[in-house]
Structures are given as structure tokens and as C-alpha cells.
Amino acid sequence: MPASPSAPVLTCHGLRKTYGPRTVLDGIDLSVTAGERLALTGPSGSGKTTLLNCLGGVDRADAGTITLAGHALDQLSESALALLRREQIGTVFQFFHLLPTLSVAENIELPLQLLGAPAADRRPRVADLIERVGLTHRADARPGQLSGGEQQRAAIARALVHQPAVLLADEPTGNLDSANGERILALLRELTDATSTALVLVTHSEEAAAICHRRIHLLDGRIERTTTAA
Ligand SMILES: Nc1ncnc2c1ncn2[C@@H]1O[C@H](COP(=O)(O)OP(=O)(O)OP(=O)(O)O)[C@@H](O)[C@H]1O
């Protein structure tokens with residue numbers, strides 16, 4: 001499964017993050033190209049989620065640089081960073097984080113609304129994504145009426161509807177049984193291939209790491225090893 005040989009869409013150099021006296025990330029360098037899937041693995045507490053949050057601009061690092069779609073995150077104002085995140089990042093979580101009062105279609109449409117896309121542009125994008133994740137027949141349901149696997153499929157559609165450069169996923173199969181987990185992984189692979197979206201995937205699961213082109217294993221906030229899929 002060759003990744004696109006294009007320029008990196010997300011890089012970090014010398015990333016460092018501390019919480020009080022504790023150094024949680026200690027000099028992380030990585031880069032991801034368009035269409036590439038990168039797994040972040042490592043024991044509990046090794047810094048995976050902290051790294052994902054820094055890469056996504058949710059947390060500010062204490063030192064080092066992060067460049068997303070050509071923009072150095074540490075040089076952006078809060079409002080410019082928020083806009084860049086909205087445009088260039090999609091996020092999938094373990095517990096779905098869909099808004100319970102909105103329908104599946106409305107949840108998926110939300111990123112486009114927040115970006116101010118006209119309704120005429122939003123509708124075909126939403127219809128396309130709902131179909132790709134196999135939820136057309138559930139478009140009007142509320143998230144609470146869906147199974148966990150269906151909620152995660154809706155969350156993936158929401159994460160990709162605005163065509164971000166990077167999809168960040170934190171244990172996306174962690175709350176699913178193995179059959180639903182497999183379906184979610186197949187979907188992530190298929191959709192990131194089809195859209196050339198880079199994926200950074202935090203996981204404890206071998207099956208999830210196996211859909212990735214490369215794996216970075218963290219230990220105590222440092223990269224212990226990097227492996228490339230055969
Ligand atoms: N807001 C915070 N304040 C203080 N310490 C924090 C904070 N967030 C994370 N940490 C600490 O940073 C370390 C790394 O946490 P992180 O969540 O990144 O690990 P992880 O590798 O994702 O773990 P897991 O696999 O259990 O989710 C942990 O020791 C954690 O307790």
C-alpha cells in the first residue's frame with residue numbers, strides 16, 4: 001500500500017511538552033505526507049494522546065515546531081489557529097463525541113456550517129459522505145438511536161466532510177467489538193486512500209496499527225522506534 005510521495009502535510013521538530021515537573025514529550029520529530037497513515041503506539045502514559053493534541057493544535061507545546069499545511073502553529077494567533085484546525089483537521093475519538101440533539105446528517109454537516117460553506121455546497125458533500133459510510137438510511141436518526149459502530153461511522157463522515165489535510169484519530173476502535181472495529185479500520189483505510197488524507201492514529205491495537213504505512217512507538221515521551229509496513 002504505497003503512500004503518496006508528496007511533501008509532508010504535518011511535521012513536528014523537537015517537540016517538548018511538560019506538565020509541572022513532568023516531561024511528557026521530550027524531543028519528538030515526525031512528518032506525515034498526504035495519504036500516509038501513521039500509527040502512534042506505546043504503553044499507557046507514554047505521551048500518545050498528548051502528542052496528538054499538540055499536533056492538532058489543541059494543546060500548545062512548550063518547545064519545538066509544528067507545521068500543518070504549510071503553517072507554523074506556534075506563529076498563529078488563537079483565532080488563526082482555530083480556523084486552521086477547522087479547515088485542515090478532522091478528528092475521531094474513542095467515544096464518538098457526536099452532538100446528541102442533532103441528527104446524523106446534521107452532525108456530519110456541522111464542520112461545513114462552521115466554515116460558512118453555502119447550503120448548496122454542503123448538501124452534496126454530506127450526502128456523499130453518509131453514503132460512503134453506509135448510513136444513508138439513518139440520516140435522520142439521533143446518535144443515541146445508533147449502535148456504537150454506526151456512531152463511529154457517522155463520526156468519520158463528520159471528520160472528513162470538509163476535506164481536511166489530516167485526520168487525527170484517538171483509539172477509534174477502542175469502544176467497539178472486533179467486528180465493528182474491523183469495519184471502522186477498513187473504512188478509515190478506504191476513505192484516506194480515496195481522499196489522500198493523512199491519518200495519525202493513536203492506538204493500542206495491533207489490528208489498527210496494521211492499516212498504517214508507518215508506526216512510531218513512544219516510550220516515556222520519546223520515539224523508541226519507527227517501523228515501516230512491509
Ligand atoms: N492535563 C494534564 N495534566 C497533567 N498531566 C497530564 C495531563 N495530560 C496528560 N498528562 C500526563 O501525561 C502523561 C502522558 O499522557 P497521555 O494521555 O499522552 O498518554 P497516552 O500514551 O496517550 O496514554 P493512554 O494510552 O493511557 O491513553 C501521563 O503521565 C499523563 O498522566
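Helices (H or I, at least four residues) and strands (E, at least two) are DSSP runs, numbered from the N terminus. This is a predicted model: local features need pLDDT of at least 70, side-chain atom pairs count only at pLDDT 80 or more, and totals for chains, interfaces and linings use all residues. Residue numbers start from 1 along each chain, as its sequence is written.

**View 1. The annotated span, residues 10-230.** The UniProt record, an unreviewed entry, marks these residues as "domain: ABC transporter". UniProt positions follow the numbering used here, feature names are shortened, and annotations may be inferred rather than shown by experiment. The span is 36% helix and 28% strand. Its end C-alpha atoms lie 23 Å apart.

**View 2. The shell around the ligand.** Tyr 19, Val 24, Gly 42, Ser 44, Gly 45, Ser 46, Gly 47, Lys 48, Thr 49 and Thr 50 surround the ligand. A residue counts as near if its C-beta atom, placed from the backbone, lies within 6 Å of the molecule. Helix H1 (residues 48-55) gives the most to this shell, with three residues. By class, the shell has two nonpolar, seven polar and one charged residue. Here Ala, Val, Leu, Ile, Met, Phe, Trp, Tyr, Cys and Pro count as nonpolar, Asp, Glu, Lys and Arg as charged, and the others, Gly among them, as polar.

**View 3. Helix H5 against helix H6.** The axes of H5 (residues 148-160) and H6 (residues 178-195) come within 10 Å and cross at roughly 15 degrees. Axes are lines fitted to C-alpha atoms, for helices over the stretch in contact, and angles run from 0 to 180 degrees between N-to-C directions. H5 and H6 are therefore roughly parallel. Angles under 35 degrees count as roughly parallel, over 145 as roughly antiparallel, 65 to 115 as roughly perpendicular and the rest as oblique. On the H5 side, the contact includes Gln 152, Arg 153 and Ile 156; on the H6 side, it includes Arg 183, Leu 187 and Leu 191. Residues are in contact if their C-beta atoms, placed from the backbone, lie within 7 Å. This contact has six nonpolar, five polar and two charged residues.

**View 4. Helix H3 against helix H4.** H3 (residues 104-114) and H4 (residues 119-132) pack at about 130 degrees, with axes 10 Å apart. The two helices are therefore oblique to each other. Ala 105, Ile 108, Glu 109, Leu 112 and Gln 113 of H3 meet Arg 122, Arg 125, Val 126, Leu 129 and Ile 130 of H4. Six of these residues are nonpolar, one is polar and three are charged.

**View 5. Helix H3 against helix H5.** The axes of H3 and H5 lie 7 Å apart, at an angle of about 25 degrees. That makes H3 roughly parallel to H5. Val 104, Asn 107, Ile 108, Leu 110 and Pro 111 of H3 touch Ala 154, Ala 157 and Arg 158 of H5. The contact divides into six nonpolar, one polar and one charged residue.

Key:
Contact = placed C-beta atoms within 7 Å.
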